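Here are my notes for anyone opening this one for the first time. Have the viewer ready and follow the points in order.

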Amino acid sequence: MKRRVLIVDDVEDIRQMLRFMVEREGHTIVAEATNGIEAVEKYREHRPDVTIMDIDMPLMTGVEAAREIRDMGGSARIVFCSGGLSKFETPPQELRSEGSTFLRKPFLPAQLYQALAA
């Protein structure tokens, strides 16, 4: 099943890499955001099937953004991504739900594809 995807990461190279991998599998990128504040705005505007969300970002973290997105209701699917220096080993318990996934950077394309297909 092809998904509509929102990509959220403060590093442009990471967003480009994710865009390449997601589009390669035939999914559609509906928007990109560089921080949690933009993520919430873009989510509200586009209501993607899946949001690929970095955790450590300026202005508002991915965890804070995910809380706001979850508060909008619905079944927001979030693939959390985090680098080795993140203070979050895994997303906080209240953000772990059916359809959410956690990937540690660097991850293999197959891991992302599996998360998108879930």
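Which residue in strand 4 is the bridge partner of Thr51? Hold that thought for a moment; the reply is in point 3.

1. Before anything else, keep in mind that this is a predicted model. The chain has 118 residues, and buried ones make up 45% of them. Its secondary structure comes to four helices and five strands.

2. Now back to the opening question: Thr51 has Ile78 as its bridge partner in strand 4. That bridge belongs to the pairing of strand 3 (residues 50-54) with strand 4 (residues 77-82), which is parallel and runs over five bridges. Strand 3 also pairs in parallel with strand 1, this time through four bridges.

3. How many of the five residues of strand 3 are buried? The count is five of five, so the strand is mostly covered, with "buried" meaning under 20% relative accessible area. In a regular strand, side chains alternate between the two faces of the sheet. Here both faces are covered: Val50, Ile52 and Asp54 are buried on one side, and Thr51 and Met53 are buried on the other.

4. The axes of helix 1 (residues 12-24) and helix 4 (residues 109-117) come within 10 Å and cross at roughly 60 degrees. That angle makes helix 1 oblique to helix 4, and the crossing is right-handed. On the helix 1 side you'll find Leu18, Met21, Val22 and Arg24, which meet Pro109, Leu112, Tyr113 and Leu116 of helix 4. Sorted by class, this contact has seven nonpolar residues, one charged and no polar.

5. Compare that with helix 2 (residues 36-46) and helix 3, whose axes come within 8 Å and cross at roughly 20 degrees. Helix 2 is therefore roughly parallel to helix 3, since angles under 35 degrees count that way. This crossing is right-handed. Gly36, Ala39, Val40 and Tyr43 of helix 2 make the contact with Ala65, Glu68 and Ile69 of helix 3. Those residues divide into five nonpolar, one polar and one charged.

6. Asp9 is worth a click. Where does Asp9 sit? You'll find Asp9 in the loop between strand 1 and helix 1. Is Asp9 buried or exposed? Its relative accessible area is 1%, so Asp9 is buried. Leaving out residues up to four places away in sequence, Asp9 touches Ile14, Arg15, Ala33, Thr34, Asp54, Met57 and Lys105. One of these, Asp54, already came up in point 4 as a buried residue of strand 3.

7. Last stop: Gln16, in helix 1. With 44% relative accessibility, Gln16 counts as partly exposed, because that value lies between the 20% and 50% limits. Glu32 is 16 residues away from Gln16 along the chain, and the C-alpha atoms of the two are separated by 9.9 Å.

Terms used
Residues are numbered from 1 along each chain as its sequence is written. This is a predicted model: local features need pLDDT of at least 70, side-chain atom pairs count only at pLDDT 80 or more; totals for chains, interfaces and linings use all residues. Side-chain values use heavy atoms; hydrogens and water are left out. Axes are lines fitted to C-alpha atoms, for helices over the stretch in contact, and angles run from 0 to 180 degrees between N-to-C directions. Helices (H or I, at least four residues) and strands (E, at least two) are DSSP runs, numbered from the N terminus. Angles under 35 degrees count as roughly parallel, over 145 as roughly antiparallel, 65 to 115 as roughly perpendicular and the rest as oblique. A crossing is left-handed if the near helix is turned anticlockwise from the far one by less than a right angle, and right-handed if clockwise. Contact means heavy atoms within 4.5 Å. Ala, Val, Leu, Ile, Met, Phe, Trp, Tyr, Cys and Pro count as nonpolar, Asp, Glu, Lys and Arg as charged, and the others, Gly among them, as polar. Two strands pair if DSSP finds at least two bridges between them. Buried means under 20% relative accessible area, exposed over 50%, partly exposed in between (1.4 Å probe, protein chains only).
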